[in-house]
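Please look over the sequence and the structure first.

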Amino acid sequence: YLRFAPDLESAQQGVSQDRFPLQNQRDVVAAVGVLDATGVRVLRLDLRAPSGVLYQTMWRAFSTDADAPVTTAHPAADEQLPVERVTAAAGLAQVYVGIPIAGTNLTRYVLSGTYTAKVFLGTDPTAVLSGAFTLEVPQ
């Protein structure tokens, strides 16, 4: 699953919404559920602006294993990613990715509209999940 929520607590409680007020939203939290597997896995979330251009890419390394290493190699950069210990429920590893809104170009230039997100695992070029949310300006 790929759901969007107004904050981490709401995301952890299963809240799902697709519209957010642009000027009053600190972050949008993407709640991602992928099939659990042993070892460290790397998730990439690509966020595209309403125009279709890539706005931001976020990477998260995660594992449900208690003995997972603290870091792992970044698949696209010469650096290490911290490995987040996550929980699994109903066979799905649950990862939460904060998408910054407040204080970014989104609010600075009032970039409202529908943003699409695609989730990839590792270096696989095929998205495993996709979804969208809208940043709105009150009329």
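The model is a predicted one. Arg26 and Asp27 meet through their side chains in a salt bridge, with 3.6 Å from N to O. Asp27, at 24% relative accessibility, counts as partly exposed.

A further exposed residue is Asn24, with 64% relative accessibility. Asn24 belongs to the loop that runs between strand S2 (19-21) and strand S3 (27-35). Between the C-alpha atoms of Asn24 and Thr107 the distance in space is 9.1 Å, although 83 residues separate them in sequence.

## The other salt bridges

How many salt bridges does a search of the whole structure find? The search finds three. One of them joins Glu136 to Arg19, where the closest N and O atoms are 2.9 Å apart. This pair connects distant parts of the chain, as Glu136 is in strand S11 and Arg19 in strand S2, 117 residues apart. Glu136 has a relative accessible area of 32%, so it is partly exposed. Arg19 is also partly exposed, because its relative accessible area is 46%.

Arg44 and Asp46 form a salt bridge too, with their closest N and O atoms 2.9 Å apart. Are these two residues buried or exposed? Both Arg44 and Asp46 are buried.

## Charges over rings

Arg44 has a second contact: its charged end sits over the ring of Phe120, at 3.9 Å from the ring centre.

## Aromatic pairs

The count of aromatic pairs comes to four. In one of them, the ring centres of Phe20 and Phe133 are 5.9 Å apart and the planes stand at 85°, so the pair is edge-to-face; the cut-off for that label is over 60 degrees. Phe20 is in strand S2 and Phe133 in strand S11 (residues 129-136), which means that the pair ties together parts lying 113 residues apart in sequence. Phe20 counts as buried because its relative accessibility is 0%. Phe133 is buried as well, with a relative accessible area of 1%.

Tyr55 and Tyr115 make another edge-to-face pair, with 6.3 Å from centre to centre and 75° between the planes. Since Tyr55 lies in strand S5 (residues 54-63) and Tyr115 in strand S10 (residues 113-121), this pair ties together parts 60 residues apart in sequence. Which of the two is buried and which is partly exposed? Tyr55 is partly exposed, with a relative accessible area of 28%, whereas Tyr115 counts as buried at 2% relative accessibility.

## The ring cluster

Ring pairs join five residues into a cluster: Phe4, Phe20, Tyr55, Tyr115 and Phe133. The cluster includes both members of the Phe20 and Phe133 pair and both members of the Tyr55 and Tyr115 pair.

Terms used. Residues numbered from 1 in each chain as written. Predicted model: local features only at pLDDT ≥ 70, side-chain atom pairs only at ≥ 80, totals over all residues. Heavy atoms only, no water. Helix = DSSP H or I, 4+ residues; strand = E, 2+ residues; numbered from the N terminus. Buried < 20%, exposed > 50% of the residue type's maximum accessible area, 1.4 Å probe, protein only. Phe/Tyr/Trp six-rings, centres within 6.5 Å; stacked < 30°, edge-to-face > 60°. Lys NZ or Arg CZ within 6 Å of the ring centre and 35° of its normal. Salt bridge = Lys/Arg side-chain N within 4 Å of Asp/Glu carboxyl O.
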